[in-house]
Amino acid sequence: MIHRLALATVLIVVASSSPIQAETLEQLRDNYQKAHETSSNIEDPKFGTEGFREKLAVWADGNKKSQLAAQKLISALFKRWIEQPNDETLKTEIESVYQGLAGKRSTERHTNAKSFITRISWPLLTDSELTDEQAELLSKLIKPRGVSRIGDVMARVGLPSEAYGWDQQAAYAMALIRLGKEKQARQEISNLHAKASTNYKANPKGSLDYGPEAGASRYRDYVDYLQLCEVLSGFQDSVSNDHKNAAKHVTQARNLRYKLSPEAMVLVVEINRRSKADQD
């Protein structure tokens, strides 16, 4: 129980830099409904029309407030769902709010929504008591888009590609591990490792910026992802109770660079916890 409460706390911290503990779930629902309704009623500004810049500013502000309210609500809903995994209405509500947050596919808004869900999924996916239904929903929400597969193919023939959706692919691999889909998970990890390795060879100093909303996870480089692939493989071995091989992967990750990213560290903590629990 302590472990689950800790994860729930991490989930809220990762999801938003502003405190939401003081707001009840009902307040967050009300805030979201009001912000969403306000945003929906703002007319899309047409370029070249009178007052375009002013209208654009109002439209952008309305959308930003609606998306922030949706993010806070989704975080709180996931927290409640951890505590009440059999509540189907929470699952339905999460899906509904996410659809409103993501909007249409192939848009920047949709991409940002996936990145947000990816960030809050990490502490959930390491929770040993996460249900299959919860893991299934997370896998559905963070599943990489088709453009990621283009990079997979390019890496296999030795061509570097844009580091698009790598965070989603790593989280998706974790979700597959939790669902017991070992072969698919290892394939995702292998694909991600191939891309990170190919890009690193082409540009060892290459870096990535996930924006200020990512917090401690904002800046990344290719070594971060090479390490993460090792730790993901270790996490999969840990889930299978192969603690010796799991520890070997962690060592290989630290051999690349001793300092690990926040995402990798969360997994290492869980790997160590599982190993200790098994010994006890």
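The model is predicted. A search of the whole structure finds 18 salt bridges.

**Helix α9**

- Helix α9 runs from residue 182 to residue 202 and has 21 residues.
- From first C-alpha to last, α9 reaches 30 Å, close to the 30 Å expected at 1.5 Å a residue.
- Several α9 residues are buried, among them Ala185, Glu188, Ile189, Leu192 and Lys195.

**Arginine 178**

- Arginine 178 lies in helix α8.
- Arginine 178 has a relative accessible area of 13%, so it counts as buried, the cut-off being under 20%.
- A polar atom of the arginine 178 side chain lies 2.9 Å from the backbone oxygen of leucine 125.
- Residues that arginine 178 touches include Leu124, Leu125, Thr126, Asp127, Phe235 and Arg274.

- Side chains of opposite charge can pair when their charged atoms come close.
- Glutamate 26 and arginine 29 meet through their side chains in a salt bridge, at 2.5 Å from N to O.
- Both residues lie in helix α2 (residues 25–40), 3 residues apart, about one turn of the helix.
- An α-helix has 3.6 residues a turn, so residues three or four places apart point the same way.
- Glutamate 26 is exposed, at 51% relative accessibility.
- Arginine 29 is partly exposed, with a relative accessible area of 21%.

- Glutamate 188 forms a salt bridge with arginine 149, and the closest N and O atoms are 2.8 Å apart.
- This pair links distant parts of the chain: glutamate 188 is in helix α9 and arginine 149 in helix α7, 39 residues apart.
- Glutamate 188 is buried, with a relative accessible area of 7%.
- Arginine 149 is partly exposed, at 27% relative accessible area.
- Arg149 and Glu188 also belong to a network of salt bridges that links them with Asp152 and Lys195.

**A salt bridge between a helix and a strand**

- The side chains of glutamate 263 and arginine 220 meet in a salt bridge, at 2.8 Å from N to O.
- Glutamate 263 lies in helix α12 (residues 262–279) and arginine 220 in strand β2 (residues 219–221), so the pair ties together parts 43 residues apart in sequence.
- Glutamate 263 is buried, with a relative accessible area of 13%.
- Arginine 220 is buried too, at 9%.

Methods
Residues numbered from 1 in each chain as written. Predicted model: local features only at pLDDT ≥ 70, side-chain atom pairs only at ≥ 80, totals over all residues. Heavy atoms only, no water. Helix = DSSP H or I, 4+ residues; strand = E, 2+ residues; numbered from the N terminus. Expected span 1.5 Å × (residues − 1). Buried < 20%, exposed > 50% of the residue type's maximum accessible area, 1.4 Å probe, protein only. Polar contact = N/O pair within 3.5 Å; in protein donor to acceptor, adjacent residues only side chain to side chain. Contact = heavy atoms within 4.5 Å. Salt bridge = Lys/Arg side-chain N within 4 Å of Asp/Glu carboxyl O.
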